[in-house]
Structure formats: C-alpha cells, structure tokens
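Let's take a friendly walk through a structure and look at how charged side chains pair up. Have the sequence and the 3D view ready as you read.

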Amino acid sequence: MNDIDGSKSVGALDRIEEIIAYVEQAKAVPMSRACKVDRAEMIAMLEELQNELPGDLRRAEAMLQERDKIIDAGEREAERIITEGETEHARLVSRHEITVSAEHEGNRIVGEARGEAQRLRDEVDEYVDTTLANFEQFLHRALSGVERGRDKMHTLREIGTFAPSQQEQFEDEKPLPQL
C-alpha cells in the first residue's frame, strides 16, 4: 500500500504486529511473566494505530459508495434493456401479419432483459458481500490485535514498579531498541 507521495504506508494490521513484536522483545522481569516497556513509546504506538483506523473505515465507506454506483449502473442498464425489449415488442406487435410471432419474441426479449438485470444484481450483491466480509475479517483481526496490546499494557501496569534491588540490577543494561 503506497501513500500519495509514493512512500510505503503502514496499515493498521502492520502497526499491531509492530506493537506485538515490541512487547515480545521487551526485557523480561526476573521470576515473572512481566516485561519492561517504555510506557510513552507504547502509548505512542497505540495512538498511531488509533489514528489509522478511521482511514480504514473511510476506505470501507468508499467501497460501499462504489457498490451503490455499480448497482445504479446495473439497474440503469437493466431498465435500458427492458425499455428496448418493450419497444421492440411493441414494434413487432404493430405488424398485423406477424402479430402472434411478435408477441412471443417481445416476451422473450423482455424475459431475457429481466433475467440479465437479475443476473447483474446478483453479481453486484455477491461482489459487495465478499468485499464486506473481507473487510469485516480485517476489522476483527485489527480489533483483536488492539485488545491483545491493551491487555499486555494493562498487565504491565498491574505489575507496578520494580523492587529497589531489581531496579539496580537493570540500571547498567542498555535501553530497548526503538522501532
């Protein structure tokens, strides 16, 4: 996915993966399942993710608008075909010597037009349903990742501060790398 300026953009799912990797790489607290992370950095990463989600929602709205345009175009085409069929039907019926044949042919054309219109509607509905299902899965994965990140952050917050002897033990160590 590229931004307007051509640079590579990071999507919400990629941002979630970065947060998970950041927490997984965090320095472990001895004799516990807790880890040490920079609170400000974690909050900044989560805020970036929070800011990206509205963009994904705008893209979903654009997809819905595109779907509506496709449906409208399909309905206009179906109406054109039906009108054309009815016009042809009326023209054929007006000729006395082929009246019976014209009625059958006109009905056939109208039936085909209606069938084609229904087929177009069905295709558009299938496309929209598939697109929305994919987007629903994307949002579910994104929300799950956010929940995991928040759970990890709350777990770290519940652990609280280190005991003085443990804190001194970490003072000589290098800080965590920046992502």
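We begin with a word about surfaces: a residue is buried when its relative accessible area is under 20%, exposed when it is over 50%, and partly exposed in between (1.4 Å probe, protein chains only). This is a predicted model, in which local features need pLDDT of at least 70 and side-chain atom pairs count only at pLDDT 80 or more, while totals for chains, interfaces and linings use all residues. Residues are numbered from 1 along each chain as its sequence is written, and side-chain values use heavy atoms, leaving out hydrogens and water.

Now to the pairs. A salt bridge is a side-chain nitrogen of Lys or Arg within 4 Å of a carboxyl oxygen of Asp or Glu, and the structure holds 9 of them.

Start with Arg15 and Glu48, whose closest N and O atoms are 3.0 Å apart in a salt bridge. This pair joins distant parts of the chain, 33 residues apart: Arg15 sits in helix H1 (residues 12-24) and Glu48 in helix H2 (residues 39-94). Helices here are DSSP runs (H or I, at least four residues), numbered from the N terminus. Arg15 is buried, at 12% relative accessible area, whereas Glu48, at 37%, is partly exposed. Glu18 joins Arg15 and Glu48 in a network of salt bridges.

Next, find Glu77 and Arg80, which form a salt bridge at 2.5 Å, N to O. Both belong to helix H2, 3 residues apart, or about one turn of the helix. Glu77 is partly exposed at 31%, and Arg80 is partly exposed at 41%.

Definitions and conventions. Helix = DSSP H or I, 4+ residues; strand = E, 2+ residues; numbered from the N terminus.
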